[in-house]
Amino acid sequence: MSAVIETSGLGKRYRRQWALADCTLSIPAGHIVGLVGPNGAGKTTLLNLAVGLLAPDAGTIEVLGGVPAAGRALLSRIGFLAQDSPAYAGLSVADHLKLGAHLNTGWDMGLARRRVEGLDLDLGQKAGTLSGGQRAQLALTLAIAKRPELLILDEPVASLDPLARREFLQDLMEAAAEQELSVVLSSHLIADLERVCDYLIVLVGSRVRLAGPVDELLATHHLLSGPRRDPATLPDGLEVISASHTDVQTTLLVRTSGPVMDPAWTVSQVGLEDLALAYMSQASGRRRRDNNNHHHLEVQK
Amino acid sequence: MIWLTWRQFRAQAINAAAALAAFAILLAATGPHLASLYATSKITGCHGFACQSAANTFFGQLAGLDTVVYLLGIGLILAAPAIMGIFWGAPLIARELEARTFNLAWTQGVTRTQWLAVKLALTGLAAMAVTEALSLIYAWWANPIGKAVGLGSTSAPALFSQGQFSSVFFASHGITPLGYAAFAFALGTALGVLTRRALPAMAITLAIFAAAQLAMPLWVRPHLVPSSHTTASIYAADQVYGSLTADVVPGHPDAWILSSRALNAAGRPVTAIPAACVSPTIPGRKGGTSAITPAQCMQSRGYHEAISYLPTSRYWPLQWIETGIFLALALALAWFSFWRLGRRRA
């Protein structure tokens, strides 16, 4: 399958600070891609580059085979839900649907109306008086009803309560399955993405740390526990992502292509959340060498 | 995009239309009275001194309301571009940046350039149309007053005694309101794009536009078209006897006097009335002396006025040039907005 987003050496700088650096990615079509990383990691920057709200300072990015926001045709093929789901406060829900109809060539008014009715949104209500969850749903409706091939969502559930969060993601999944969309959504909470995504990208400190299909990532990462031991004595082919020690025991998260044969280790499956956290702690561990306990990772600053 | 622009602009447009309608009703209510005063004042078809007295009669009959409307109209036309710049221009883009709705707008199926072009064009043309409409209906209303002032009435209130070149008259009549409106609107928009905040943009728009409105008549307008030069006798030009400056250009009663100075018979400028002419007398016919004015005295000694002025024939060229300057500034500011929004993320 062709790539929906293809970047090479992509970078974006704000003054002297690189918000995103040396980002090379190829995201295949047909996936629900989770983009995770702590706040300030560069997620929003990457997504804004993908929809053309930002222009790169280094490298290249192609989305659906074209330069983002280069023209109406490409803009019409990408649905975007910005952080905090902005909407025109003075315009009603119905006005927003008309907005979508007037600005997008492939607009599906039937779909938009069905969604709004299904969500129990009042067509006459001003967007400024909607709750955070309702506004997010309205913004998602706008993004979906333009019938895009690729849907990009920037922290779509960050402002929602847990129930609204679940409903939103479920709704998103249904729409994605129905329309055969490729979806890229970001969150600083892996738990949000774990249930929905089948492709994971971990972005930390403006760099991509990990990217790949979820099943492949889970198959190549193992949690090893055994008597305390120096990780440096491990055989070749094992890449230690994180290590934690007690007086008698060592726990390692390793990446390997083959099975782990050493009987001294108890091998167990790793969850997606622990996996992502380990990569995040690996990155932050370079800054904070003393912190070797990956269970107390500070994800949300 | 036209629909969205209109939808966002609708409330403001309705307000502006209501204000325009209210002003038009006020003018329509007082205009016929003004016109009938003018018709019965015997100004039409008058000759010589009869005209001045007819104009005096006309001004004597004007009600206080007429004066108020006259001043209100001028004030409104001069303020309209600033109001458009502040309330239409400055928030046009800045509000989208503040509320982050640009994220929504710029990811629909229209490019950023189209989005800005439609917003700028529709709202900007509306600002120009409203201002020019104000100016046109006001010009219709104030026409009798203007004609009466032109007759050189001596009893016209100082407020009315303004020729067509006077700074407030020039900027509120003809086509200049178009230029001012376009400039103020584009200025507000560009400042909104630059500051990304509506409120500071509004304040800076007001400051810069007011400065431009002052600078134009003081320093720029006098130099926009070539001036004419003439010399005239002190007596003919210096109606305020002895002030040494020209108040009128003989033969061009409505001309705009840009500068004038008194010269002596040898052609050197003089800055004070010569001693001999401070309280001058001439020998009387029947012996003794009789008093004459300083101007008469200076005239008899060969003093004259050198005047540079713009005759009324330059009124329309000057209107076009001034309007052109502001339209060009407006286009430059619009270009800046495009460049700034296109170049960087908002």
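Which residues in α3(B) meet which residues in α8(B)? This briefing on a predicted model starts with that helix pair, then turns to the contact between the chains and to the nonpolar core.

**The α3(B)–α8(B) pair**

- From α3(B), the residues that meet α8(B) are B:Leu78, B:Pro81, B:Ala82, B:Gly85, B:Ile86, B:Gly89, B:Ala90, B:Pro91, B:Ala94, B:Arg95 and B:Glu98.
- On the α8(B) side, their partners are B:Ala198, B:Ala201, B:Met202, B:Thr205, B:Leu206, B:Phe209, B:Ala210 and B:Gln213.
- Sorted by class, the residues of this contact are 13 nonpolar, 4 polar and 2 charged.
- Helix α3 of chain B spans residues 64-98 and helix α8 of chain B spans residues 198-220; their axes lie 8 Å apart, at an angle of about 150 degrees.
- Because angles over 145 degrees count as roughly antiparallel, α3(B) is roughly antiparallel to α8(B).
- The crossing of α3(B) past α8(B) is right-handed.

**Where chain A touches chain B**

- Here 25 residues of chain A are in contact with 16 residues of chain B.
- On the chain A side, the elements giving two or more residues are α1 (43-51), α2 (72-76) and α3 (93-103).
- The most comes from α3(A), which gives 5 residues.
- This side of chain A has 14 nonpolar, 6 polar and 5 charged residues.

**The largest nonpolar core**

- The largest nonpolar core holds 179 residues, and the members touching the most others are A:Ile152, A:Leu200, A:Val202, A:Ala276 and B:Ala181.
- Beyond its neighbours within four places in sequence, A:Leu200 is in contact with A:Gly34, A:Val36, A:Leu210, A:Gly212, A:Val214, A:Leu217, A:Leu272 and A:Ala276.

Conventions: Residues numbered from 1 in each chain as written. Chains lettered and ligands numbered in written order. Predicted model: local features only at pLDDT ≥ 70, side-chain atom pairs only at ≥ 80, totals over all residues. Core = buried A, V, L, I, M, F, W, Y, C linked by C-beta atoms within 7 Å. Buried ≥ 20, exposed ≤ 12 C-beta atoms within 10 Å, placed from the backbone. Contact = placed C-beta atoms within 7 Å. Axes fitted to C-alpha atoms, helices over the stretch in contact; angles between N-to-C directions. Helix = DSSP H or I, 4+ residues; strand = E, 2+ residues; numbered from the N terminus. Parallel < 35°, antiparallel > 145°, perpendicular 65-115°, else oblique. Left-handed = near helix turned anticlockwise from the far one by under 90°. Nonpolar A, V, L, I, M, F, W, Y, C, P; charged D, E, K, R; others polar.
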